[in-house]
Amino acid sequence: MATVVDSSNPKSNFPIQYRELNYLNCSKGWKSWFFTLDHKRIGIMYLIGVTIAFFLGGIFAVLLRTELLSPAKLFMGPDSYNQMFTLHGAIMTFLVIIPGVPAAIGNIILPVMLGAKDVAFPRMNLGSFYLWMFGAAFFVAAIVLGGLDTGWTFYTPYSITTNTAVITALFGVFILGFSSIFTGLNFIVTIHTMRPPGMTWFKMPLFLWALYATALIQILATPVLGITGLLLIVERAFHIGIFDPALGGDPVLFQHFFWFYSHPAVYVMILPAMGVVSEVIAVHSRKHIFGYRFIAYSSIAIAVFGFLVWGHHMFVSGQSKVVAVVFSGITFSVSIPSAIKVFNWLATMYKGSIRFTTAMCYGLAFIFIFSIGGLTGLFLATLATDIHLHDTYFVVAHFHYVMMGSSLVGLFAAVHHWWPKISGKMFNEFWGRIACLGVFCGFNLTFFPQFILGTRGMPRRYYTYLPEFQNLHILSTMGAYLLGISSALMVGTLIYSIYYGKRAPANPWGGASLEWQCSSPPPSNNFDHPPLAGDPYVMESVVYNEEIGGYVPAECQGDNKGSVTASGDKEV
Amino acid sequence: MNTAATTTTDENADGHDHEHHDPRLAHHFDSHQQQFDTGKLGIWLFLVTEVLFFSGLFGFYAVYRSLHPEVFLYASQFLDTTLGAANTVVLLFSSLTMAWGVRCAQLGNTRGLLICLVTTLACAAIFLGVKSFEYTEKAHHGLLPGNMYHSPEDHGHAAEAAVPVAAGGADAAADHATADHADADHAAADHAAVPAVHQDDELFEKTKHTLSYMNSFLWAVIVLSGIAFGVLMKNPNKKTLATVAGCFLISAIGMQVGAFASVGYHQFGHAAAPTDQDIAMAETAPAEYAKQKEKVPEPLLARTFFSVYFCMTGVHAIHIIGGMIAISWLIVRTVHGAFTTYYFGAVDFIGLYWHLVDLIWIYLFPLLYLIN
């Protein structure tokens with residue numbers, strides 16, 4: 001077991017739990033944040049930005065669901081409804097889910113997990129955050145300059161002819177794409193070149209494998225979105241006739257380009273969440289992860305397969321039948337690595353000592369929701385059923401189960417799991433769990449009825465519907481309210497903990513990976529010396545220590561912690 | 001760790017310098033080797049994203065060429081192979097000087113590195129100069145993407161039956177202005193029914209006219225940056241500014257050289273006047289003459305070719321400009337003596353980027369210019 005021990009102090013090997021000077025307060029003033037090169041501070045800024053965007057997108061969602069309480073027009077006509085769902089989709093996709101786990105949580109945790117002092121390119125890291133900000137600013141500008149009503153997919157030829165702010169939004173997407181590319185590039189290089197002594201590829205925590213697979217997709221798929229967006233901008237501005245059938249262009253080419261990015265992007269959203277769940281399940285079950293190599297390989301397999309299935313978005317767009325069959329077949333095969341992960345998580349929990357901490361509750365919610373989301377994907381991958389289900393609420397429910405129910409719940413799990421490390425404070429477990437229950441129930445109440453609506457033929461993207469659908473719609477809207485309130489409760493609980501929470505020990509949950517070895521919150525350089533890395537899932541290497549309320553390396557348990565804890569405090 | 005805790009204040013004051021003091025080694029790396037490997041992997045990954053970025057354009061090309069081969073066959077004849085080939089040579093030469101510069105940096109030969117970088121920058125500027133001539137000329141012939149396109153048939157070329165003269169396109173910046181010019185051209189052509197040869201001359205004059213704006217601008221840059229360079233050069237505290245001015249000077253001169261060379265080539269070097277034999281034949285047997293000089297009829301979607309052309313070469317030109325900025329930054333750092341035998345990563349990485357930009361041109365040139 002690798003412990004950060006200080007050989008120069010013979011008195012004790014007991015790890016420092018807390019330092020008065022940490023990355024959060026080592027320097028002050030807005031400049032120390034806005035020009036920081038510290039990956040943790042950049043991650044915090046991402047987290048704040050993502051949270052704001054999440055609530056903005058969430059407000060749009062709640063407004064949409066409110067309009068759908070009745071088939072009659074309540075307060076939104078078709079045009080404003082179109083703009084609202086477009087912005088909801090675009091903001092949630094590009095500003096929340098894609099940067100959520102990798103850019104926010106990954107930035108904070110990845111270098112610490114590697115025992116490194118920072119990511120490989122700290123300046124590029126800050127640059128990618130600013131690109132994210134600029135991209136977000138373009139989105140806000142698009143809202144101000146007449147909205148956007150193309151759907152987040154920008155399908156041609158409508159996106160060429162509509163008179164909403166398509167170009168502004170596309171610039172935003174273009175810039176956000178580069179932000180994502182640079183984050184991914186940074187992570188790949190960091191994982192390749194900055195692993196500590198002893199950490200071979202197969203001793204990396206699975207979260208790092210997931211981030212690595214994610215980053216591969218980010219750098220290989222996002223440039224295609226960039227050039228597609230650019231071509232669409234040029235098409236709109238100068239009518240060059242690439243995608244415009246009136247000028248001899250091919251609108252389906254746009255769909256190919258778009259989904260070549262955007263299907264892999266779905267895995268940019270889900271893979272990091274899967275990595276989070278691998279960590280959370282193992283740590284909170286106090287058990288070595290089951291099938292480590294299979295989980296690691298399945299992340300890479302999902303990343304590779306993710307590039308070969310984009311055509312399943314276009315079964316009814318007029319592609320050839322042979323191609324459709326091939327895409328359908330490959331799409332089915334993606335379920336294999338996904339299922340491998342789910343089975344391994346379940347096997348990890350088997351005979352573990354499971355503690356229903358908030359993070360674990362979110363982890364369990366993830367497994368439940370992801371199973372439904374993944375399995376309903378097979379209905380859509382089947383050519384015959386897809387003809388019936390295409391563009392119905394079934395699709396909406398399916399991708400919300402995967403993108404919201406899985407990716408975002410994974411993000412919530414990550415935030416709760418690493419919150420003591422990030423903020424140095426323990427949050428209130430009771431309210432955390434209540435919020436988790438609310439999110440879980442609210443989510444299922446919102447989207448399960450939509451599966452039923454979809455199979456009965458309710459088409460997506462309409463502000464009105466046949467009266468017989470009303471009961472299910474009301475159910476769905478109630479779920480959305482519950483979901484919104486629970487999310488607010490979750491954020492409230494976390495913010496409350498910053499001010500009134502108990503001070504967190506270095507290792508509150510008993511994790512064995514490196515990030516739990518530095519104090520909470522970490523000092524600005526994380527580790528003074530590169531730590532030695534062992535197996536990140538040998539939970540027996542740490543034991544609970546009553547006095548500090550957290551876990552310490554087993555070999556230190558008997559040490560004179562009194563003086564050490566005091567020394568930790570005395571420095572302050 | 002306890003020791004570290006006691007010295008936290010120091011650490012935050014000046015980073016973690018208890019292990020090394022080399023300012024060339026970033027604080028989070030253990031060794032120069034690690035720093036170099038990191039950068040190398042980073043730039044290769046970045047080049048992968050660049051290739052994928054261009055792959056969208058190549059995909060666009062592949063789809064349309066397979067759907068409408070006749071468009072590409074017809075329209076590519078409007079591109080001037082000689083100018084394209086000249087640009088290819090210039091870029092290849094700049095790749096050589098770049099690679100040479102990396103070698104110089106590795107050997108610690110700062111003077112050689114500086115010469116190589118300056119030459120590379122100048123070559124890049126010449127490339128852009130030639131490209132701007134091509135773009136401007138294309139715009140004046142109405143050979144623009146999408147619905148800005150005006151058929152060259154309207155210019156009376158068809159009657160002349162001569163192989164259409166080299167034509168260029170429009171710079172992204174010049175798009176609006178030139179589209180208007182093109183309209184004016186048509187009006188003139190329809191109205192006056194000038195013989196095609198004159199028409200062609202007229203277009204060339206217009207091209208030169210538009211280029212003269214760029215010309216004046218570049219002269220202004222040359223004069224100003226020349227003065228700035230001369231004044232600042234003597235002041236050892238203004239090394240950076242002087243070098244930046246020098247880079248501007250080199251770029252502007254390079255562009256002038258490229259543009260003037262293209263104009264000169266167009267004026268004297270090509271599109272030979274019809275020979276006596278041709279004239280005799282046209283007079284005695286017009287039908288046979290026309291048949292001999294038979295040209296491909298203009299396909300419906302000829303404009304698509306110019307969409308492809310401008311998108312691909314335009315994005316490539318933007319990358320050239322990006323490379324010029326990066327090389328200028330290298331020149332500034334070289335002047336400050338930043339690079340040594342164990343710290344030359346930046347030169348190597350930007351060199352790799354430059355080779356990729358060249359490589360993309362090596363693909364663009366045959367795909368666009370050499371279709372016939």
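**Group meeting: a pocket, a patch and a hairpin**

The second largest pocket has 49 lining residues, and those nearest its centre are A:His313, A:Leu380, A:Val395, A:His398 and A:Phe399. Before I go on: this is a predicted model.

How much space lies in the second largest pocket? About 1,400 Å³. As for the lining, α3 (78–113), α8 (251–284), α10 (321–349), α11 (358–381) and α13 (393–423) of chain A each give at least two residues to it. Which helix supplies the largest share of that lining? That is α11(A), with nine residues.

Next, the surface. A nonpolar patch is formed there by A:Leu56, A:Val140, A:Ile143, A:Val144 and A:Leu145. Together these residues have about 430 Å² of accessible area. Helix α4 of chain A, residues 122–144, contributes the largest share of the patch, namely three residues. A:Val144 is in that helix, α4 of chain A. Is A:Val144 buried or exposed? Exposed, because its relative accessibility is 65%, and the cut-off for exposed is over 50%.

Last, the strands. In chain A, strand β3 (residues 542–545) pairs with strand β4 (residues 550–553). The pairing is antiparallel and runs over four bridges. To pick one residue, A:Tyr544 has A:Tyr551 in β4(A) as its bridge partner. Between the strands of this hairpin, β3(A) and β4(A), there are four residues. Which residue in the hairpin takes a positive phi? A:Gly549 does, with a value near 70 degrees.

That covers the pocket, the patch and the hairpin.

Technical notes
Residues are numbered from 1 along each chain as its sequence is written. Chains are lettered from A and ligands numbered from 1 in the order in which they are written. This is a predicted model: local features need pLDDT of at least 70, side-chain atom pairs count only at pLDDT 80 or more; totals for chains, interfaces and linings use all residues. Side-chain values use heavy atoms; hydrogens and water are left out. Patches are made of residues with over 30% relative accessible area and no salt bridge: like charges are joined within 9 Å, nonpolar side chains (Val, Leu, Ile, Met, Phe, Trp, Tyr) within 5 Å. Accessible areas come from the Shrake-Rupley method with a 1.4 Å probe; for residues, only the protein chains shown count as cover. A salt bridge is a side-chain nitrogen of Lys or Arg within 4 Å of a carboxyl oxygen of Asp or Glu. Buried means under 20% relative accessible area, exposed over 50%, partly exposed in between (1.4 Å probe, protein chains only). Two strands pair if DSSP finds at least two bridges between them. On a 1 Å grid over the protein atoms alone, a cavity is a set of points where a 1.4 Å probe fits but cannot get out, and a pocket is an open set with protein on both sides within 12 Å along at least five of seven lines; lining residues have an atom within 4 Å of a point. Grid points are joined across faces, edges and corners, and a volume is the space filled by probe spheres set on the points.
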